[in-house]
Amino acid sequence: MSELVSTRIRSTAAKLGLPHLAEGLAQYASRADDAKMGYLDFLDLVLAEELAVRDDRRFRQGLRLSKLPHHKTLDEYDFAFQPELDPRKIKDLASLAFIEAKANAALLGPPGVGKTHIAVALSVAACRAGFSVYFTSLDDMVRQLKAAEAAGRLNNKLRTYLRPGVLVVDEVGYQPLERAEANLVFQVISKRYEKGSIILTSNKTFSEWGQVFGDEVLATAILDRLLHHCDVVSINGPSYRLKNRLAAIERDNTAA
């Protein structure tokens with residue numbers, strides 16, 4: 001390939017918004033020569049590489065905007081430590097069919113069993129698949145909505161929780177809410193109903209949500225919309241955090 005043609009292709013690629021092609025043209029041409037590619041194979045190579053770069057860039061941007069606390073995957077989850085949890089249930093969720101259907105997923109269980117880990121892992125997979133994701137604890141969401149309401153900006157702030165394809169609400173039930181706060185949560189749940197997915201984690205059973213939300217009727221209304229299309233996974237096992245803490249203590253005692 002002549003230098004003139006190479007320069008012209010790089011310029012055209014840059015104008016078309018294909019920066020990776022512009023930067024890697026010489027490498028692609030060399031690979032094509034080594035493999036004795038035809039024109040169509042070379043074009044397929046170039047387009048596939050550009051698409052892969054764009055997908056990776058979009059994925060990383062999605063992770064940044066998601067506010068996820070970490071980016072753990074299901075491969076890092078120790079299913080052997082939770083023998084009562086059927087891995088097939090989680091793998092079914094990882095297919096993201098429930099997100100495609102704008103349904104919900106609820107992960108219930110005591111603290112430390114890996115509910116947030118699974119919620120984050122599903123969120124990372126959703127980001128990879130092109131869905132927009134936003135992560136928040138229930139307490140932080142309520143705090144943000146209350147502040148916006150006091151400032152007369154509630155509708156604008158609600159869009160933060162209504163816009164993403166997947167809203168992750170962590171730690172439902174750790175702090176009881178007042179009725180006015182619970183009503184803000186109801187607005188989010190009801191406005192997202194059949195329009196976007198929710199992944200939530202809770203240390204409370206659904207029968208205890210009346211206490212969490214300070215009103216049995218309001219809790220029932222929230223559950224009615226949340227559970228209409230929802231996969232519920234209960235994790236009733238030992239705590240990972242306690243396991244790691246005990247292991248650390250044992251190491252310290254052994255070293256001593």
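This is a predicted model: local features need pLDDT of at least 70, side-chain atom pairs count only at pLDDT 80 or more; totals for chains, interfaces and linings use all residues.
Which side chain meets Arg-88 in a salt bridge? I started my notes with that one. It is Asp-86, with N and O 3.0 Å apart.

**Entry 1: salt bridges**

I looked up how exposed the two partners are. Arg-88 has 60% relative accessibility, so it counts as exposed. Asp-86 sits at 25%, which makes it partly exposed.

How many salt bridges does the structure hold? I found six. I took down two more of them.

Asp-140 pairs with Arg-143, and their closest N and O atoms are 3.1 Å apart. Both belong to helix α7, residues 138-150, and because they are three residues apart there, about one helical turn separates them. I have Asp-140 down as partly exposed at 26% and Arg-143 as exposed at 51%.

The other is between Asp-215 and Arg-179, at 2.9 Å from N to O. Asp-215 lies in the loop between α10 (209-213) and α11 (216-227), while Arg-179 is in helix α9, so this pair ties together parts that are 36 residues apart in sequence. Is Asp-215 buried or exposed? I noted it as buried, with a relative accessible area of 17%. The cut-off for buried is under 20%.

**Entry 2: the nonpolar cores**

Next I went inside. The largest nonpolar core has 33 residues, and Leu-85, Ile-90, Ile-118 and Ile-199 have the most contacts inside it. Several elements supply at least two residues each, among them α3 (39-66), α4 (87-94), β1 (104-108) and β2 (133-137). Which element gives the largest share? That is α6, with eight residues.

Leaving out residues up to four places away in sequence, I see it touching Tyr-77, Phe-79, Ile-90, Ile-118, Val-233, Ser-234 and Ile-235. There is also a second, separate core of 32 residues, and Leu-138, Leu-145, Tyr-161 and Val-172 are included in it.

In soluble globular proteins, nonpolar side chains tend to be buried together.

**Entry 3: a patch outside**

Leu-40, Leu-43 and Leu-47 form a nonpolar patch on the surface, and together they have about 330 Å² of accessible area. I checked one of them: Leu-40 is in helix α3. Its relative accessibility is 71%, so it counts as exposed.

**Entry 4: Ser-197**

Where does Ser-197 lie? I placed it in strand β4, residues 197-202. Its relative accessibility is 0%, so I count Ser-197 as buried. The side chain reaches the backbone oxygen of Ala-103 at 2.6 Å. Setting aside neighbours within four places in sequence, Ser-197 is in contact with residues including Phe-98, Ile-99, Ala-103, Val-166 and Arg-192.

**Entry 5: Gln-175**

My last stop was Gln-175, in the loop between β3 (166-172) and α9 (179-192). With 45% relative accessible area, Gln-175 is partly exposed. Which residues is it in contact with, beyond neighbours within four places in sequence? I found Asp-139 and Val-212. Gln-175 and Val-212 are 37 residues apart along the chain, and their C-alpha atoms are separated by 7.1 Å.

Terms used: Residues are numbered from 1 along each chain as its sequence is written. Side-chain values use heavy atoms; hydrogens and water are left out. Helices (H or I, at least four residues) and strands (E, at least two) are DSSP runs, numbered from the N terminus. Buried means under 20% relative accessible area, exposed over 50%, partly exposed in between (1.4 Å probe, protein chains only). A polar contact is a pair of N or O atoms within 3.5 Å; within protein, one must be able to donate a hydrogen and the other to accept it, and residues adjacent in sequence count only if both atoms are side-chain atoms. Contact means heavy atoms within 4.5 Å. A nonpolar core is a set of buried Ala, Val, Leu, Ile, Met, Phe, Trp, Tyr and Cys residues joined through side-chain atoms within 4.5 Å. Patches are made of residues with over 30% relative accessible area and no salt bridge: like charges are joined within 9 Å, nonpolar side chains (Val, Leu, Ile, Met, Phe, Trp, Tyr) within 5 Å. Accessible areas come from the Shrake-Rupley method with a 1.4 Å probe; for residues, only the protein chains shown count as cover. A salt bridge is a side-chain nitrogen of Lys or Arg within 4 Å of a carboxyl oxygen of Asp or Glu.
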